[in-house]
Amino acid sequence: MERYARQMILPEIGSAGQEKLAAARVAVVGAGGLGCPVLQYLAAAGVGELTIIDGDRVQKSNLQRQILFGASSLGQNKARAAAARLKDLNGEIQYRAVDGFLLPGMAIETLRGHDLVIDATDNFATRYLINDVCVGLGLPFIIGALDRFQGQMALCNHNGGPSYRCLFPDRPTAETAPSCGEQGILGSVAGLVGLAQANEALKYLLGLNCSADGRLWFFDALTLQARTISFKADEKQLALARENFKRLPDVDYSLECGGSLEWTAGMFLQREKETVLVDVRESATTPPPFPCRHIPGSRLRAEMLPAESDVLLVCAHGLSSLRLAVLLREQGLERVYSLKGGWTKLSGEAASGGYVAANK
Amino acid sequence: MKVRVFGALTQVLQDREQPLEHPLTVGEFMKRLREEHPRLNAYTFRVALNQKMAADDDILHEEDELALLPPFAGG
């Protein structure tokens, strides 16, 4: 096998190792910034079967980091475009392109039958879905994620090892992790983390030491510093995953993110339910653009607000209202929120046509 | 004691050298940190002590490193 000669020479691999790779079936969820490098290196190494799952279409702004695509791929489904490109790279292995997003209604059938799953997605809802399906099916999976110049990677659910929920059991708020589109990413950083996933996947399939097994690899591309932080299996979180697995497809993963303290102007303008607006500026120097109560922040107490409605605090720019929302939450008011960007942002959104109906 | 901050949390506070006047538990330290930086309450994150996930009653020492680790979403 001339193609794989350079890796087969390694005593850790040999022809026995190559056969292991050829017999392996790996599902890669996401063919984007992480998925592209993962797929490229798994295909090149001779992993026997690759299932590629992605419902997105290739756009020009993807080309900066999603290196399986080019001008000829623009507008195409990413899973299909990736498979087409990879067939040229290595036509000796099998590809299955799933043109669609991994969803509760089909996740189990889609991931079942594989030996390893790679989480190369870009949102928490899908990450928790992958977690629950893999725990339910008894599949190990490798998570990967990016935040500007930093990355995370870990091998989960291997031989009774911890899961993604064991690592991050709490629902992430919207502020915790914006997307690459919102805050930007350098292609090489995505490449480094995707390669780390591919590297760990190959080690796993070859039976080599997996340093990220139950250990979160945390990498900073600016300083080139890396840490591996071990995390333990949490029986409660594993039980939750198994329960969700049984209830699929009737699990709402969109609830896995949000619960945020902050609403965007857009969220407020699209509200159908009654929202109590409270202007918390010390003095209402400019008249607010919407009918609301005015309670200066220094005088605001939890007892002044209804516990049974959604209460949205607004100040000029969204900073003091956020601080107040945090304090009121600590005092037991669960349905109090802060308007991100304050009156400044809301007036701008309303003026630009985001405003749909008069505040009821 | 070193406090290292990752991801979106760097918008709330930076890496710092934290002098410890006396031994403190992780729980006590985090309570004080949240009081000093209430914006932390809008974020989800784990706390790691010397490269292992910390428990609230773990005791902090001068030579320790505490890391605040939010989950990343991007891909």
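Chain A holds 13 helices and 13 strands. Helices (H or I, at least four residues) and strands (E, at least two) are DSSP runs, numbered from the N terminus. This is a predicted model: local features need pLDDT of at least 70, side-chain atom pairs count only at pLDDT 80 or more, and totals for chains, interfaces and linings use all residues. Residues are numbered from 1 along each chain as its sequence is written, while chains are lettered from A and ligands numbered from 1 in the order in which they are written.

**Stop 1: chain A as a whole**

Select chain A. Its C-alpha atoms fill a box of roughly 75 × 45 × 40 Å along the principal axes. Of its 360 residues, 45% are buried. Buried means that 20 or more other C-beta atoms lie within 10 Å of the residue's own; 12 or fewer makes a residue exposed, and anything in between is partly exposed, with C-beta atoms placed from the backbone. Now turn to contacts: two residues are in contact if their C-beta atoms, placed from the backbone, lie within 7 Å. Among the chain A contacts with a separation of 6 or more, 71% join residues 24 or more positions apart.

**Stop 2: where chain B touches chain A**

Show both chains. The contact takes 38 residues from chain A and 21 residues from chain B. On the chain B side, β4 (46–49) and β5 (52–53) are the elements that give two or more residues. Colour that side by class: twelve residues are nonpolar, six polar and three charged. Here Ala, Val, Leu, Ile, Met, Phe, Trp, Tyr, Cys and Pro count as nonpolar, Asp, Glu, Lys and Arg as charged, and the others, Gly among them, as polar.

**Stop 3: α3 and α4 of chain A**

Select residues 35–45 and 78–89 of chain A. These are helices α3 and α4, whose axes come within 10 Å and cross at roughly 30 degrees. Axes are lines fitted to C-alpha atoms, for helices over the stretch in contact, and angles run from 0 to 180 degrees between N-to-C directions. The two helices, α3(A) and α4(A), are therefore roughly parallel to each other. Angles under 35 degrees count as roughly parallel, over 145 as roughly antiparallel, 65 to 115 as roughly perpendicular and the rest as oblique.

Which residues of α3(A) and α4(A) meet? From α3(A) come A:C36, A:L39, A:Q40, A:A43 and A:A44; from α4(A) come A:A82, A:L86 and A:L89. By class, this contact has seven nonpolar residues, one polar and no charged.

**Stop 4: A:L74**

Go to the loop between β2 (49–54) and α4 of chain A, where A:L74 sits. A:L74 has 14 C-beta neighbours inside 10 Å, so it counts as partly exposed. Leaving out residues up to four places away in sequence, A:L74 touches A:V58 and A:K60. Draw a C-alpha to C-alpha distance from A:L74 to A:V117: 27 Å in space, for 43 residues in sequence.

**Stop 5: α6 and α10 of chain A**

Select residues 124–137 and 235–247 of chain A. The axes of these helices, α6 and α10, come within 8 Å and cross at roughly 90 degrees. α6(A) and α10(A) are therefore roughly perpendicular to each other. α6(A) brings A:N131, A:D132, A:V133, A:V135 and A:G136 to the contact, and α10(A) brings A:L238, A:A241, A:R242, A:N244 and A:F245. That divides into five nonpolar, three polar and two charged residues.

Next, pick A:P249 in the loop between α10 and β9 (262–263) of chain A. A cis peptide bond joins A:L248 to A:P249, with omega about 5 degrees.

**Stop 6: two asparagines in one loop**

Move to the loop between β6 (150–156) and α7 (164–167) of chain A, and select A:N157. A:N157 is not a glycine, yet its phi is positive, about 60 degrees. A:N159 is found in the loop between β6 and α7 too. Its phi is near 50 degrees, again positive in a residue other than glycine.

Buried or exposed: what is A:N157? With 25 C-beta neighbours inside 10 Å, A:N157 counts as buried. A:N159 has 7 such neighbours inside 10 Å and counts as exposed.

**Stop 7: α12 of chain A**

Finish on residues 320–330 of chain A, helix α12, where A:S321, A:L322, A:L324, A:A325 and A:L328 are buried. They cover an arc of only 160 degrees around the axis, which puts them on the same side of α12(A). The arc is that of the directions from the helix axis to the C-beta atoms.

Centre on A:S321, which has 29 C-beta neighbours inside 10 Å. Beyond four places in sequence, A:S321 touches A:V280, A:L313, A:V314, A:C315, A:S338, A:L339 and A:G342. A:V278 is 43 residues from A:S321 in sequence and 9.5 Å away in space, C-alpha to C-alpha. After α12(A) comes A:G332, with a positive phi near 105 degrees.
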